[in-house]
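Welcome, and thanks for taking a look with me.

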Amino acid sequence: MSGVPESAAAIAAAIREGRTSAREVLEQTLRRISRLDTQLNAFTLVTSKRAVAEAEAVDAARARGETLGPLAGVPYAVKNLFDIAGEVTLAGSKINRDDPPATRDATVIERLHRAGAILLGALNMGEYAYDFTGENAHVGPSHNPHDPAHMTGGSSGGSGAAVGGALVPLALGSDTNGSIRVPSSLCGIFGLKPTFGRMSRAGCYPFCPSLDHVGPLARSVTDLALAFDAMQGPDTRDPVCHADAAEPIAGRLEGEIDDLRVAVLGGYFRQQGSEQAIEAVDRVARTLGARHLVELPETPRARAAAYLITNAESSNLHLERLRTRAADYDPDVRDRMLAGALLPATWTLQAQRFRSWYRREVDRVFERYDVLLAPATPMHAPPIGQRHMTLDGQEMMVRPHLGLYTQPLSFVGLPVVVVPVHTPGTLPIGVQVVAAPWREADALRVAAWLERHGFEAPLPAAHKE
């Protein structure tokens, strides 16, 4: 094997077949992190001692002739809002540093461990996940692997940098309004936001409980599906987690997709984006032969309602900290939470009522189509520190508006896969492949078909061995 981490599927196969060992893969990965993370600032914690123990356990199991898990020996890392037993769960903050260490891993970490994956540590993120840029006020920004002067997107910015820069083949992030999909788009990788309730959030620091999702980021669709299969399933520790049995998808990605009806989201989703964002969707649509435009009604109102709910729920979780430790917050995060604490309750109730109406309207669209296409971000990665951008002739703030196209879709919990689109001479950008609730398989099948037809996640030139 080369020093560049291969896909999760390739690593697991090589270990099962004895072409390498989990310990060898781990040592290569640790060397790569040591060499490149000074540039990317993706990791906030490297759990090397734990990783060595897990890798040695995988190698010992193989030596005994045991059947290895589907992710045996695969290195991965998690956004630092997932509980890691024995470590403090930072959630990107200064305040949480005073918390006691977690006593148990998050459920999804436990499940990846059972699948044989090797946890390498925790990743940089926007404070308390209230961020779309990947800029952390306490430990510094994560850096885009395609150009370190540019943003990764957030709030799972370290996850995007770690996977996009091939430090690890898999990472976990969270997505409330777009925090998996925005970094996937700006870092040129694949990302999956499952249906709300599909994946357990137990042991994941909350941001907005009625909108929070968790999911994987990877350099290939097969790796997304392997991680999805390993992590899904009911969990009584998360009261909204789907009670039905897991529905594996990794073995169903090959083949044609002629049975799926694909359309392009128009209206709101064709407005305000840069030419690059719209052309990326058109390229994907041409490849799929998707010719129909369809609109989701009242989408601007859906985004506004999502903002109200996000502000109200997040500020409620932080009221005591806002009273006692306001100076220890990132000022941008603090000010938005303070504003959320002042929202009239009637506004939030009305937003939830609208949410039910909007969900019914979206369901009607999925009676006619199986998969919808939309931009993931309105532009490619802005430079770190940029505060404003111009879209459709209007000046907008960067931080909230990078989620322009993601927020209305997570508002009703739809499953989405981001597919990277690379154009020579420019930074990458992503396209959202959106499916009906509980139909992750449809989105993953389309993403896998696109990957086979040229929509891949190439390694940045500076990160090749």
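1. Let's start with one residue. Leaving aside residues up to four places away in sequence, Ser174 touches Lys79, Leu81, Ser156, Ser179, Ile180, His213 and Val214. Please bear in mind that this is a predicted model.

2. Is Ser174 buried or exposed? Its relative accessibility is 6%, and buried means under 20%, so Ser174 counts as buried.

3. Ser174 is found in strand E4, where 6 of the 6 residues are buried. In a regular strand, side chains alternate between the two faces of the sheet. In E4, Leu170, Leu172 and Ser174 point one way, while Ala171, Gly173 and Asp175 point the other way.

4. Which strands pair with E4 (residues 170-175)? Strand E2 (residues 75-79) pairs with E4 in the parallel sense over 3 bridges, and Leu172 of E4 is the bridge partner of Val78. Strand E6 (residues 213-218) pairs with E4 in the antiparallel sense over 6 bridges; here Ala171 has Leu217 as its bridge partner.

5. Now zoom out to the whole sheet. It is an open sheet of 11 strands with mixed pairing, in the order E1-E3-E2-E4-E6-E5-E12-E13-E9-E7-E8. Its edge strands are E1 (43-46) and E8 (293-294), each of which pairs on one side only.

How values were computed
Residues are numbered from 1 along each chain as its sequence is written. This is a predicted model: local features need pLDDT of at least 70, side-chain atom pairs count only at pLDDT 80 or more; totals for chains, interfaces and linings use all residues. Side-chain values use heavy atoms; hydrogens and water are left out. Two strands pair if DSSP finds at least two bridges between them. Helices (H or I, at least four residues) and strands (E, at least two) are DSSP runs, numbered from the N terminus. Buried means under 20% relative accessible area, exposed over 50%, partly exposed in between (1.4 Å probe, protein chains only). Contact means heavy atoms within 4.5 Å.
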